[in-house]
Number of protein chains: 12
Amino acid sequence: MKILVVNGPNLNLLGTREPDTYGSKTLSELMDELVIGFPDLDISMFQSNVEGELINALQNSVESVDGVVINAGGYTHTSVAIRDAIVAIPIPVVEVHMSNIAAREEFRHVSLLSAVCLGSIAGFGANSYHLGVQAIKSYLTEVR
Amino acid sequence: MKILVVNGPNLNLLGTREPDTYGSKTLSELMDELVIGFPDLDISMFQSNVEGELINALQNSVESVDGVVINAGGYTHTSVAIRDAIVAIPIPVVEVHMSNIAAREEFRHVSLLSAVCLGSIAGFGANSYHLGVQAIKSYLTEVR
Amino acid sequence: MKILVVNGPNLNLLGTREPDTYGSKTLSELMDELVIGFPDLDISMFQSNVEGELINALQNSVESVDGVVINAGGYTHTSVAIRDAIVAIPIPVVEVHMSNIAAREEFRHVSLLSAVCLGSIAGFGANSYHLGVQAIKSYLTEVR
Amino acid sequence: MKILVVNGPNLNLLGTREPDTYGSKTLSELMDELVIGFPDLDISMFQSNVEGELINALQNSVESVDGVVINAGGYTHTSVAIRDAIVAIPIPVVEVHMSNIAAREEFRHVSLLSAVCLGSIAGFGANSYHLGVQAIKSYLTEVR
Amino acid sequence: MKILVVNGPNLNLLGTREPDTYGSKTLSELMDELVIGFPDLDISMFQSNVEGELINALQNSVESVDGVVINAGGYTHTSVAIRDAIVAIPIPVVEVHMSNIAAREEFRHVSLLSAVCLGSIAGFGANSYHLGVQAIKSYLTEVR
Amino acid sequence: MKILVVNGPNLNLLGTREPDTYGSKTLSELMDELVIGFPDLDISMFQSNVEGELINALQNSVESVDGVVINAGGYTHTSVAIRDAIVAIPIPVVEVHMSNIAAREEFRHVSLLSAVCLGSIAGFGANSYHLGVQAIKSYLTEVR
Amino acid sequence: MKILVVNGPNLNLLGTREPDTYGSKTLSELMDELVIGFPDLDISMFQSNVEGELINALQNSVESVDGVVINAGGYTHTSVAIRDAIVAIPIPVVEVHMSNIAAREEFRHVSLLSAVCLGSIAGFGANSYHLGVQAIKSYLTEVR
Amino acid sequence: MKILVVNGPNLNLLGTREPDTYGSKTLSELMDELVIGFPDLDISMFQSNVEGELINALQNSVESVDGVVINAGGYTHTSVAIRDAIVAIPIPVVEVHMSNIAAREEFRHVSLLSAVCLGSIAGFGANSYHLGVQAIKSYLTEVR
Amino acid sequence: MKILVVNGPNLNLLGTREPDTYGSKTLSELMDELVIGFPDLDISMFQSNVEGELINALQNSVESVDGVVINAGGYTHTSVAIRDAIVAIPIPVVEVHMSNIAAREEFRHVSLLSAVCLGSIAGFGANSYHLGVQAIKSYLTEVR
Amino acid sequence: MKILVVNGPNLNLLGTREPDTYGSKTLSELMDELVIGFPDLDISMFQSNVEGELINALQNSVESVDGVVINAGGYTHTSVAIRDAIVAIPIPVVEVHMSNIAAREEFRHVSLLSAVCLGSIAGFGANSYHLGVQAIKSYLTEVR
Amino acid sequence: MKILVVNGPNLNLLGTREPDTYGSKTLSELMDELVIGFPDLDISMFQSNVEGELINALQNSVESVDGVVINAGGYTHTSVAIRDAIVAIPIPVVEVHMSNIAAREEFRHVSLLSAVCLGSIAGFGANSYHLGVQAIKSYLTEVR
Amino acid sequence: MKILVVNGPNLNLLGTREPDTYGSKTLSELMDELVIGFPDLDISMFQSNVEGELINALQNSVESVDGVVINAGGYTHTSVAIRDAIVAIPIPVVEVHMSNIAAREEFRHVSLLSAVCLGSIAGFGANSYHLGVQAIKSYLTEVR
């Protein structure tokens with residue numbers, strides 16, 4: 001079972017950016033922990049600050065993975081184009097956020113992506129990724 | 001480690017209510033699965049259709065449990081009083097929803113509870129509860 | 001054919017509360033008139049000021065009645081939970097109001113319940129109940 | 001006791017227009033049923049697609065009928081002029097709709113007419129007319 | 001100098017409709033007073049309850065009159081089409097209202113016509129017409 | 001293949017009304033050009049300033065034409081009744097506008113008709129009609 | 001019969017300020033014309049750029065004049081305090097504007113004063129004052 | 001003179017809940033102070049987390065007390081039903097809040113209860129109750 | 001302990017202005033009652049219709065008084081500048097209103113001052129001032 | 001005459017993405033048909049998922065083509081930057097959409113691009129492109 | 001070259017008011033620094049808490065200075081009258097703010113003045129004034 | 001002291017794009033002038049039409065410069081991601097705009113960036129850049 005974890009803008013700064021809020025782990029360390037935490041999964045990672053490259057990654061994932069976990073960062077609240085890409089691909093996508101976006105500025109309360117994802121997880125720091133991978137793994141393995 | 005799972009209005013109908021949407025498991029079966037899934041935790045359950053009794057349960061939980069997982073059902077979108085109760089108690093609370101509330105009617109897109117919970121999980125059916133318990137367990141066991 | 005008439009908050013004060021607006025009949029008298037007016041129906045009545053108890057009554061009605069007439073009073077405009085209960089039960093529900101809610105304060109112009117009821121009747125005083133029972137009776141007896 | 005039933009735009013298509021929604025009875029058949037259903041009343045009917053002719057009909061009704069039942073169709077949501085006509089005439093008017101307008105597009109949720117009518121009935125198909133006539137009959141015969 | 005006074009829906013009821021608000025003069029009496037009040041002007045009058053006929057009257061006025069005074073009644077707040085007709089004709093139009101529309105229901109506070117008329121006069125009862133004719137007379141006679 | 005071109009309020013003034021915006025062709029000339037431009041089609045034309053007569057034309061078109069091109073003028077933004085008529089008839093309707101309504105006043109940015117038409121074309125002057133007829137011709141001739 | 005004409009902020013610049021819009025007459029010339037135009041009236045004038053001094057003038061007018069014509073300038077759209085002053089004094093007040101405020105920026109479309117004045121006149125340049133004085137004269141002389 | 005002090009959800013936690021905000025006095029201590037502070041009054045107290053029980057208490061108060069002081073907590077902002085109960089009872093009600101609700105989250109800025117209470121007092125901590133009792137005492141003792 | 005009572009626009013008309021609403025006491029009489037009611041306090045009074053002079057009074061109060069009670073009248077709803085003045089001075093300010101502003105026009109429901117005052121009192125007529133002085137006295141004398 | 005057809009995000013998936021909605025033709029096939037359909041034009045094509053590259057393409061088009069047809073996909077509703085690019089280039093741009101965006105989610109009802117394009121065409125599937133090219137061809141060839 | 005620096009309400013408190021936010025320099029010291037910083041300019045200063053006096057100062061500036069720098073304080077967000085004054089005078093005006101108003105309360109995000117000023121500068125403390133004077137100096141000296 | 005000037009979409013067209021609005025200087029010339037104007041600073045420049053590359057530039061600037069001046073063009077109003085990048089980097093950022101964005105279309109009135117920048121400057125054409133560099137230079141050199 002192959003899972004792609006897609007990370008949006010500024011997540012490459014994890015570990016150095018506002019460590020009080022986002023913790024001191026780098027994105028790379030965080031992804032390593034995911035790989036260790038799910039030894040039965042084949043987890044790959046992609047990060048870009050460019051909206052269109054995130055769309056490219058989502059489109060390309062169709063042929064190579066079984067599910068996607070996405071933290072679209074600031075594009076979460078503004079990108080109809082990423083939303084369209086999620087709808088366009090026939091594999092399940094789970095939305096994750098490290099921070100509790102409902103407790104931040106009002107423009108972060110609405111996600112354009114949630115309605116077209118399988119589900120959403122927010123507020124648990126690095127653990128949001130673990131829960132997201134767990135969610136998509138459960139979804140893919142349960143009988144429907 | 002003791003966890004209370006609080007269920008709001010109409011969740012007592014699980015299994016019979018719109019099974020296509022909410023699955024065919026009853027609330028009781030779902031709670032049994034949680035207990036089995038987390039053998040190292042002491043999980044108890046409360047359900048009520050009465051807003052004030054949910055508040056009572058949250059207030060009373062302070063002395064008996066280490067964390068709360070809440071699916072407040074329809075009160076999620078209207079109850080300032082439950083929000084105040086969550087703020088008033090010093091233990092962590094995780095919000096869960098079985099359905100993807102962002103993909104339903106617009107009045108369900110805003111949760112009055114999210115901002116005062118540790119985090120939120122929505123859209124994974126019965127699995128939302130498992131992820132919620134996992135989230136609070138991780139939170140309580142990690143070093144801060 | 002069994003019909004349950006559910007009455008929400010403050011309707012127990014009928015007859016004494018603002019008689020110019022709501023008339024001088026008590027709720028009990030009004031229900032007695034309904035029973036007399038529809039001798040071929042088995043009409044029962046429930047009233048509570050507690051939102052959750054109205055939900056309980058709606059849930060319990062499934063096994064005992066063929067249709068529900070509800071005047072949810074002030075909860076009409078705020079209760080997602082009662083709305084969910086109406087959706088959750090497989091029997092038809094008709095919404096009634098004694099006063100013309102469109103002619104009152106703006107926050108009374110929107111009903112959260114109308115969209116999930118069979119239909120709505122408002123503005124005819126005590127007669128709204130008679131029309132509501134007539135509506136559900138016609139619905140249950142017509143061939144579909 | 002004379003009652004005028006006023007029908008607005010597109011209601012002349014009843015029976016052929018979206019029969020799944022509006023049923024297979026023509027407007028003429030529906031009016032015939034009303035006459036049969038209320039043998040003690042003198043019921044007449046008017047239909048027009050022209051907003052101003054509906055106003056003419058309302059104005060002219062003053063001298064010839066005791067009450068009006070109106071289904072203003074699409075003008076329900078946009079016509080201040082029909083609203084003004086209802087206010088201008090000293091006879092009671094009841095608003096009816098065949099469909100449950102609260103369950104349709106958002107621009108149909110607000111009626112400009114409700115606040116100036118005696119009351120409103122919506123959602124019961126052809127039966128909405130019967131309930132509307134019953135409502136105005138009761139209103140005219142009760143002692144005030 | 002020829003002036004056309006255009007009257008919209010329900011204004012044909014003047015004198016009988018809500019005399020406390022609109023006075024006891026009929027539209028015909030009111031127009032007669034205008035003719036008497038401005039002996040140097042050639043004043044004609046048109047009234048219709050049909051929006052499109054008001055548009056026809058405005059279009060036709062181009063060849064026969066020098067200016068228009070319009071009380072569009074309930075169409076004031078809803079008619080983009082009348083607005084377009086006013087823009088389309090090269091003669092000046094003055095908007096008048098008998099009642100103080102700013103002191104009535106909120107949906108009457110906005111006029112779609114004001115911005116494309118020469119100016120607006122509201123709140124002076126029958127005198128609003130006199131002031132409107134005076135305004136257009138002054139406009140047409142002043143040197144520009 | 002028969003096509004009806006329906007024109008709403010003030011379009012009878014084309015050629016004389018604001019020629020800088022709408023060009024110097026009359027509606028009649030414009031329709032003649034359409035007939036010449038599509039020699040294989042049977043194109044007829046209807047114009048009225050009365051909303052209800054436009055509805056009548058749409059209703060009557062069902063039996064006589066294969067498709068409709070409509071420029072509803074100012075009623076585009078206010079007429080639920082015309083929208084209902086379009087839904088009620090089983091033939092395809094294409095919406096056209098000569099001006100770029102998105103570049104004009106804000107109340108012109110929303111069309112009540114677009115969502116129930118096959119598609120919309122705006123901004124190309126008289127050419128909008130040609131494109132509209134081409135669109136409906138292509139739609140009717142393509143295999144579905 | 002004594003009339004006070006109250007002028008708000010920036011109206012002291014009339015004649016020099018944007019003459020294309022406001023004309024080339026000074027406020028003083030404009031007031032002189034009013035006096036000449038109404039030889040049977042005793043017309044006085046007050047101007048201030050200070051909101052509170054306009055309130056003072058309104059309050060003081062009670063004992064000395066029979067009616068007020070006010071052009072509150074920019075305070076028209078923001079001053080609850082001037083509105084309260086108009087309500088507090090028992091003499092009639094007419095609102096005038098030289099420009100057509102409905103055709104200017106959106107924040108000028110709403111007047112806080114209109115609803116508490118006798119009526120409003122806007123768009124006729126210096127003539128708005130003449131019409132305003134005429135309106136209040138007619139009001140004071142008509143039998144009520 | 002008998003006064004009932006009604007306390008809504010979460011106020012039973014006073015003294016332990018966020019003492020920096022709400023002070024360290026328990027609700028019981030606070031009520032004792034009220035009794036001591038007003039030796040000439042007969043003050044009783046009611047608290048519940050259940051919206052409907054607060055309505056019950058308000059309804060029952062009619063026969064036993066002369067006035068009510070209510071702190072409806074989180075229901076202040078959401079309960080049309082409590083508002084209706086206040087309107088339904090013929091005794092005066094004063095609204096109090098310990099915190100300055102205007103300085104908190106935006107959804108706390110609007111109270112559904114204020115408009116139907118005698119008056120409102122907010123922001124003075126425990127002293128808000130004293131001022132509330134003083135207000136109702138003054139109201140009941142002054143000659144009207 | 002010195003207290004300044006600041007009164008905004010139109011409050012100088014108390015006693016003569018709408019006595020049904022505001023009572024028949026003049027502002028002077030009302031202030032005299034305050035002095036008598038609080039013999040242990042040194043109470044002074046200021047009134048102006050000019051927004052800036054109210055700001056001056058607030059600024060000057062810093063050196064001469066221990067607390068301020070303000071009824072800003074119509075400026076309550078529009079003055080960011082008075083709000084800034086309250087924030088700028090280091091002494092406590094209590095907001096009072098004689099009428100129940102929540103029960104009046106919608107533009108009076110929001111106070112720009114409440115959030116930066118110690119607390120607010122509204123609806124008790126002249127007694128609102130007494131309660132306001134009592135509130136600030138209690139605040140200044142309690143141990144913090 | 002050279003025309004550039006610019007395609008935005010996810011349009012590279014045409015043919016495989018939701019074929020029920022978007023048809024089974026690939027973008028390449030669709031562009032080939034355009035070339036065949038307009039043998040007298042020199043049509044080139046550009047597609048990118050990256051917003052900035054679409055801007056680059058628009059900027060570069062100035063020197064090489066006479067007109068642009070753009071389907072900006074999801075960026076239609078969010079991109080001020082693409083709008084600015086259209087304004088910045090001196091060649092005409094026509095907006096096209098395959099689906100009827102007015103009939104989809106509400107956030108798709110507003111296009112930031114329409115107001116600065118020559119005109120817009122939506123709802124005709126692949127045919128929207130043909131109509132768009134026809135529109136710009138007509139525009140470029142007509143005498144102005 | 002003569003420049004007037006206009007300061008609005010509460011800016012006379014600079015140095016003592018919230019020094020952490022506004023710095024410890026008094027307005028007088030700040031103006032002295034401006035004079036020293038621009039030895040080639042003739043800089044004068046005006047401050048008032050009264051809105052109308054700020055308007056007076058702007059009007060009077062026409063004859064005596066070449067440009068104006070204004071910090072309108074709290075009137076920035078509420079004064080249509082000051083906006084009108086800026087439009088009425090033919091000399092350039094630059095808007096400055098010491099604090100970053102976009103980072104403060106939402107009602108401070110909109111300035112009524114920006115659109116009619118040459119430009120705006122906010123967020124640089126006392127330095128905002130220096131930049132403002134520099135901006136107007138550059139504007140006045142550049143060739144146009 | 002090193003300063004990076006970041007330019008967003010379409011600014012590469014300066015000099016050729018709407019020269020009446022943006023002047024005839026190219027971006028390159030404008031940047032050269034900045035270098036000449038601040039000989040004591042080390043000023044570099046970056047421009048891209050791609051949102052993500054602007055984020056990259058901001059992230060990379062941390063190690064190489066002391067401050068940033070950004071003109072984000074059309075992304076100013078839509079990019080949460082650029083906002084997040086500004087927050088994520090520990091160096092000061094100043095926002096500049098050549099045009100007066102408050103005087104343009106309404107969607108340009110709100111900047112998502114202002115609240116997280118040191119301050120903002122808009123409306124002074126090319127001079128906005130000079131003022132921006134001056135602002136950041138002053139900020140970096142002043143003692144804090």
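Which residue is the bridge partner of C:A122 in β5(D)? The partner is D:S120, and the notes below place that pair in its setting.

1. **What you are looking at.** This is a predicted model, in which local features need pLDDT of at least 70 and side-chain atom pairs count only at pLDDT 80 or more, while totals for chains, interfaces and linings use all residues. Residues are numbered from 1 along each chain as its sequence is written, chains are lettered from A and ligands numbered from 1 in the order in which they are written, and side-chain values use heavy atoms, with hydrogens and water left out.

2. **The strand pairing between C and D.** Strand β5 of chain C, residues 119-122, pairs with β5(D) in the antiparallel sense over three bridges. Strands here are DSSP runs of E with at least two residues, helices are runs of H or I with at least four, and both are numbered from the N terminus. Two strands pair if DSSP finds at least two bridges between them.

3. Chain D is superposed on chain C by a rotation of 180° with 0.0 Å of shift along its axis, at an RMSD of 0.0 Å. D:I121 is the residue of chain D that comes closest to the rotation axis, its C-alpha being at 2.3 Å. The copies meet through the same surface, because 100% of the interface residues of chain D are also interface residues in chain C.

4. **Size of the D and C interface.** Contact (heavy atoms within 4.5 Å) involves 19 residues of chain D and 19 residues of chain C. The buried area is about 1,400 Å², with 61% of it from carbon and sulfur atoms; this is the accessible area, for a 1.4 Å probe, that two parts lose on being put together, summed over both. On the chain D side, D:N100, D:F124 and D:L131 lose the most area to chain C, and together they make up 31% of what that side buries.

5. **What holds that side's makeup.** There are zero salt bridges between chain D and chain C, where a salt bridge is a side-chain nitrogen of Lys or Arg within 4 Å of a carboxyl oxygen of Asp or Glu. Eight residue pairs are in polar contact there, both residues at pLDDT 80 or more. A polar contact is a pair of N or O atoms within 3.5 Å; within protein, one must be able to donate a hydrogen and the other to accept it, and residues adjacent in sequence count only if both atoms are side-chain atoms. β5 (119-122) and α5 (127-141) of chain D each give two or more residues to the side that touches chain C, and α5(D) gives the most, with five residues. By class, that side has eleven nonpolar, eight polar and no charged residues. Ala, Val, Leu, Ile, Met, Phe, Trp, Tyr, Cys and Pro count as nonpolar, Asp, Glu, Lys and Arg as charged, and the others, Gly among them, as polar.

6. **The A and B pair.** Chain A can be laid on chain B by a turn of 180° and a shift of 0.0 Å along the axis, with an RMSD of 0.0 Å. The two copies are thus related as by a two-fold rotation axis. In chain A, the C-alpha of A:I121 is nearest the axis, 2.2 Å from it. In β5(B), the bridge partner of A:I121 is B:I121, and β5(A) and β5(B) pair in the antiparallel sense over three bridges.

7. **The A and B interface in numbers.** The contact takes 19 residues from each of chain A and chain B. About 1,400 Å² is buried between them, 60% of it given by carbon and sulfur atoms. The counts are zero salt bridges and eight residue pairs in polar contact.

8. **Salt bridges elsewhere.** A search of the whole structure finds 60 salt bridges over all chains. One of them is worth a look: H:E105 with B:R83, whose closest N and O atoms are 3.5 Å apart. H:E105 lies in the loop between β4 (93-97) and β5 (119-122) of chain H and B:R83 in helix α4 (residues 80-88) of chain B, so the pair joins two chains.

9. No contact joins chain F and chain H, with closest C-alpha atoms 29 Å apart. Chain H and chain J do not touch either, and their nearest C-alpha atoms are 25 Å apart.

Note on methods. Copies are superposed by least squares on the C-alpha atoms of residues with pLDDT of at least 70 in both.
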